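Here are my notes on this model, as numbered points. Please read them with the coordinates open.

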Amino acid sequence: MSVPLPSHPQLSGNYAPIRIECDATDLTVEGDLPPQLHGSLYRVGPNPQYMPTDEYHWFGGDGMIHAFHVGDGRVDYCNRWARTPKWELEHEAGRGLFGLFGNPMTSDPATQGKDCGVANTNMLWHDGRLMALEELHAPFELDPTTLESAGYYRFDGKLPSHMTAHPKVDPKTGELLFFSYFAGGFFTPDIGFHVADPTGDLVRNETFQAPYTAMVHDFAITDTHVIFPICPLTGSMERAMARRPAFAWEPELGTRVGIMERDQNVDSIRWFESDACFMFHPMNAWSDDGVVTVDVMQFEAAPLFTYADGTPVERSKSNARLCRWTFDLNSTSNTFKRTYLDDLIGEFPRIDERYGGSPYRHGFIASTYARVKGDQGVFNQITHFDLQENTREIYQVPDGDAVSEPVFVARAPDAAEGDGFLLATVFRRAQNRSDLIILDAMHIEAGPVATVGLDHRIPFGFHGCWRQAED
């Protein structure tokens, strides 16, 4: 990048990109690495190679993947950009060519007909494949050891268009369930629903229409149901063509949630409604005797976006708290109940994934004790919720430092729920670098059992996953 970064809150501090790809072996470890940890932690986030040709948004930066390979008493690290077609085209040109989210009105003519995917949102390990995900493109495959880019994976040509950044692996069946919004083209209300079997064979493709056109970042599953939340962060081709906000918060539309039995088709979806609220991520969901319960990190309004007229969404409405949505399928009512479970501000909910889609007890989030002007929306805590005892436990990093999403790894395949470790990265602001920390998930207040040091920073990102090493 030959020119300074523009002044932008999502390009400063630890949001700013790093310019290096590297391999670091046998990193320094303080404490004791748990011998049960044998595998790889992957994290991904925006790390723009070049600035877009119009404006910048955090969600639009090129994906960079960070891997920590853990085992045999040591940790090795590497990081690589996902060399998507967009990254390759701009790398060859030596400059940014695409507008924000690939907007054709502001992109260079050289991009006409070219792919604008960034592979920057989530990581998935399924069917022996490591994939970087971004919700409007196909999954992007990488080598699990070297992170060498292998290109888009389209399920042997069976994927009709693209997929969500948040697929769900059913821990009981091994199936991969996912959806795709804008399945009929940009800014259409069409949503695709898909299922791949444990071997990666795509065995189900269906399409339905949402009540209105919206960004649908995530969804939830139970053993018997699929839950599609449609929140009024709307998409509009008319706005995009007029160079107004392509995505905007329109609360007057309310929130709609579709629920479908997994053994039925999309024509059976039943729609529920409430006043406007927003969620990026659910924590978990389960079904019990005709009642579907979904725990989500709920916002009053969509953060990081504006109203349709360009007015920023109020900061006071842009914090998420753990909320329980309850749907009574036995009732004739089309409304659902929303109940906050805690007042702590946080995001990036994770669970012991062996309990995904089932009743559960333990949940984990990145959280903060306060929001203050200029904090850039960072999180300085990891919180463990015990939803059976209605208690919480908090690990807090020093002032100025910031934590990533915590990823849970079970101590053993047959360990009790929550018996395992939380892995997260921590930005050390005073030293301008990052660490990997490992916490005992049931005793996080005691602090890390091990801290793995890097000599550079990992920019703020989104999500990650754990790949268990083969025996």
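1. Start with F155. Its place is the loop between strand 9 and strand 10 (168-169); helices (H or I, at least four residues) and strands (E, at least two) are DSSP runs, numbered from the N terminus. F155 is not a glycine, yet its phi is positive, about 55 degrees. It counts as buried, at 2% relative accessibility. Buried means under 20% relative accessible area, exposed over 50%, and partly exposed in between (1.4 Å probe, protein chains only).

2. Ground rules. This is a predicted model: local features need pLDDT of at least 70, side-chain atom pairs count only at pLDDT 80 or more, and totals for chains, interfaces and linings use all residues. Residues are numbered from 1 along each chain as its sequence is written, and side-chain values use heavy atoms, with hydrogens and water left out.

3. L147 also needs a look. It is another residue other than glycine with a positive phi, near 65 degrees. L147 sits in the loop between strand 8 (140-142) and strand 9 (149-152). Its relative accessible area is 1%, so L147 is buried.

4. Which residues of helix 1 (residues 85-93) are buried? They are K86, W87 and E90. These residues lie on the same side of helix 1, because they cover an arc of only 95 degrees around the axis. The arc is that of the directions from the helix axis to the C-beta atoms. Strand 5 (74-81) is included in what covers them. After helix 1 comes G94, with a positive phi near 75 degrees.

5. Now the nonpolar cores. A nonpolar core is a set of buried Ala, Val, Leu, Ile, Met, Phe, Trp, Tyr and Cys residues joined through side-chain atoms within 4.5 Å. The largest has 71 residues, and F193, F228, V294, W325 and F327 touch the most other members. Strand 20 (residues 278-288) gives the largest share of this core, six residues. A second, separate core has 20 residues, including L37, V70, V409 and I458.

6. Check F327 in detail. Leaving aside neighbours within four places in sequence, its contacts are V257, I259, F272, G290, V291, V292, V294 and F336. Contact means heavy atoms within 4.5 Å.

7. T293 belongs to strand 21 (residues 291-299). It counts as buried, at 8% relative accessibility. Not counting residues up to four places away in sequence, T293 touches N284, A285, W286, R324, W325 and T326.

8. V426 is part of strand 31 (residues 420-428). Its relative accessible area is 0%, so V426 is buried. Beyond four places in sequence, V426 is in contact with V397, D401, A402, V403, R433, S434, D435 and I437.

9. How many cavities of 30 Å³ or more does a search of the whole structure find? Two. A cavity is a set of points, on a 1 Å grid over the protein atoms alone, where a 1.4 Å probe fits but cannot get out; lining residues have an atom within 4 Å of a point. Grid points are joined across faces, edges and corners, and a volume is the space filled by probe spheres set on the points. The largest cavity has a volume of about 40 Å³. M215, V216, H217, D218, P229, C231 and M279 line it.

10. The second largest cavity holds about 40 Å³ of space. Its lining includes T84, H137, F140 and Y152.

Definitions and conventions. On a 1 Å grid over the protein atoms alone, a cavity is a set of points where a 1.4 Å probe fits but cannot get out, and a pocket is an open set with protein on both sides within 12 Å along at least five of seven lines; lining residues have an atom within 4 Å of a point.
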